[in-house]
Amino acid sequence: MLESWISAFYQSLNRIGFTDPVHAALVHMPIGLAVGAFLFGWVSTLLGRRNLAVSAHHCAILALIFWFPAVLFGLADWQHFYNGSWLNPIKFKLILACILFILLATAVFFGRRGDKAPKGLVLASVTLAVITATLLGWFGARLVYGGESHDVPVSYQAGEKIFTARCSSCHPGAGNIVDPDKPIRGAAALNDPQAFISVLRNPKKPMPVFSTAQLSDKDARELYLYITKVLVPSGQMSGKP
């Protein structure tokens, strides 16, 4: 039931031309507000400006509020784009998200007590929240970019961008971190672009489906060219039909 709701939600977004993860559009809110709470809190402490402490408290409240939709849509994106696969960056992001919630809740709860709050506790909470948010961003980057970099000819850069956004988290370096026994390199579908596109449209789980709304045939061919001409040398392609 939940999977069908998530699928229907993303299909409705696809119909209006939005095919990207929703989490990316929301995650900056709690992170940015946590940074605001950190900056206002430290400046208030260093300069003795009580009004800035109030601003820090308000930022912490808003950061905590936006934590919920950011995490909710993060989980939805995870189910939709990664089929709920337990990738290492996902595991760390879930742990860090829980830690961030605790830190923000602590800052909000004790921050409302003003001068009666334990000395340094609120400041320590927002400081650790910023560190946690930074780590969340780092693991998010690992999830998207996979730590890979290549010198790519201009003619294949379109395919590289698609691979980076859609494939690199599960297939860094043409491997497969979900199922190491089934890497991209050596796949029979690499011998024929139409077979490759067919796999994208009708994959075996846990690989998610890439519909034409998510990835056009033209973009799929660009992806195929990047993988076969740049990412996977010809000697690593399967000789099977």
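How many helices and how many strands does the secondary structure of the protein come to? In this predicted model, the secondary structure comes to nine helices and zero strands, where helices (H or I, at least four residues) and strands (E, at least two) are DSSP runs numbered from the N terminus. Residues are numbered from 1 along each chain as its sequence is written. Because the model is predicted, local features need pLDDT of at least 70 and side-chain atom pairs count only at pLDDT 80 or more, whereas totals for chains, interfaces and linings use all residues, and side-chain values use heavy atoms, with hydrogens and water left out.

Of the 241 residues of the protein, 39% count as buried, a term that means under 20% relative accessible area, with exposed meaning over 50% and partly exposed lying in between (1.4 Å probe, protein chains only).

Two salt bridges are held by the structure, each defined as a side-chain nitrogen of Lys or Arg within 4 Å of a carboxyl oxygen of Asp or Glu. In one of them, Asp217 is paired with Arg201, and the closest N and O atoms are 2.7 Å apart. This pair links distant parts of the chain, since Asp217 lies in helix 9 (residues 217–231) and Arg201 in helix 8 (residues 193–201), 16 residues apart. Asp217 is partly exposed, with a relative accessible area of 35%, while Arg201, at 15% relative accessibility, counts as buried. A salt bridge is also formed between Lys218 and Glu222, with the closest N and O atoms 3.9 Å apart; because these two residues are four residues apart in helix 9, about one helical turn separates Lys218 and Glu222. Lys218 is exposed at a relative accessible area of 57%, whereas Glu222 is buried at 19%.

A search of the whole structure finds one cavity of 30 Å³ or more, a cavity being a set of points, on a 1 Å grid over the protein atoms alone, where a 1.4 Å probe fits but cannot get out. The volume of the largest cavity is about 30 Å³, and its lining (residues with an atom within 4 Å of a point) consists of His80, Phe81, Arg166, Pro208, Val209, Phe210 and Gln214.

Trp42 is found in helix 3 (residues 28–47) and, at 34% relative accessibility, counts as partly exposed.

Key: On a 1 Å grid over the protein atoms alone, a cavity is a set of points where a 1.4 Å probe fits but cannot get out, and a pocket is an open set with protein on both sides within 12 Å along at least five of seven lines; lining residues have an atom within 4 Å of a point. Grid points are joined across faces, edges and corners, and a volume is the space filled by probe spheres set on the points.
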